[in-house]
Amino acid sequence: MSDEEDLEPLLKYAREGCVGLSVVVVVAEMKAGRGATFVEMTAALLAVVGMLIDRGAVPGDLVDGEPRFVAWQGSKSEILGRLACEIKTLGEIPATGEVCWIHDPAATEADRGRV
């Protein structure tokens, strides 16, 4: 599968709601290959998240109140740096609900404009 084919389902989910990192990890595992080390998996996960950022889906936090999703602020490299630090601190590849969620805020804003 190509990067575009791998990313399309993630982007669809990110436009409809929030995607947990465990779903993104599945795509990263395909990129890194079976038996990848923690460092290789982290690099692959950062690459996939970087491609998602390039297409408008960004990491952020789920919070009580409105908006429910708060995107991490900063440049792409700052956001990926933060994610790398969070994963390193965690010491393992994150599961859904750990570290962050992925969402396309433009999709939410477009939906609000139609109401």
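These exercises on helix packing and ring contacts use a predicted model.

**Exercise 1.** Find how H2 and H3 pack, and classify the angle between them.

*Solution.* Start with the ranges: H2 covers residues 21-32 and H3 covers residues 38-54. Next, take the geometry. The axes are 8 Å apart and meet at an angle of about 120°. H2 is therefore oblique to H3. Finally, take the handedness: H2 passes H3 in a right-handed crossing.

**Exercise 2.** Describe the packing of H3 with H4, then sort the residues of the contact.

*Solution.* H4 spans residues 76-90. Its axis lies 10 Å from that of H3, at an angle of about 150°. H3 passes H4 in a right-handed crossing. On the H3 side, the contact uses Phe-38, Thr-42, Leu-45, Leu-46, Val-49, Gly-50, Ile-53 and Asp-54. On the H4 side are Lys-76, Ile-79, Leu-80, Leu-83, Ala-84 and Ile-87. The tally is ten nonpolar, two polar and two charged.

**Exercise 3.** Search the structure for aromatic pairs, then find what sits over the ring of Trp-72.

*Solution.* The search of the whole structure returns zero aromatic pairs. Now check the ring of Trp-72: the charged end of Arg-82 sits over it, 3.8 Å from the ring centre.

How values were computed:
Residues numbered from 1 in each chain as written. Predicted model: local features only at pLDDT ≥ 70, side-chain atom pairs only at ≥ 80, totals over all residues. Heavy atoms only, no water. Phe/Tyr/Trp six-rings, centres within 6.5 Å; stacked < 30°, edge-to-face > 60°. Lys NZ or Arg CZ within 6 Å of the ring centre and 35° of its normal. Axes fitted to C-alpha atoms, helices over the stretch in contact; angles between N-to-C directions. Helix = DSSP H or I, 4+ residues; strand = E, 2+ residues; numbered from the N terminus. Parallel < 35°, antiparallel > 145°, perpendicular 65-115°, else oblique. Left-handed = near helix turned anticlockwise from the far one by under 90°. Contact = heavy atoms within 4.5 Å. Nonpolar A, V, L, I, M, F, W, Y, C, P; charged D, E, K, R; others polar.
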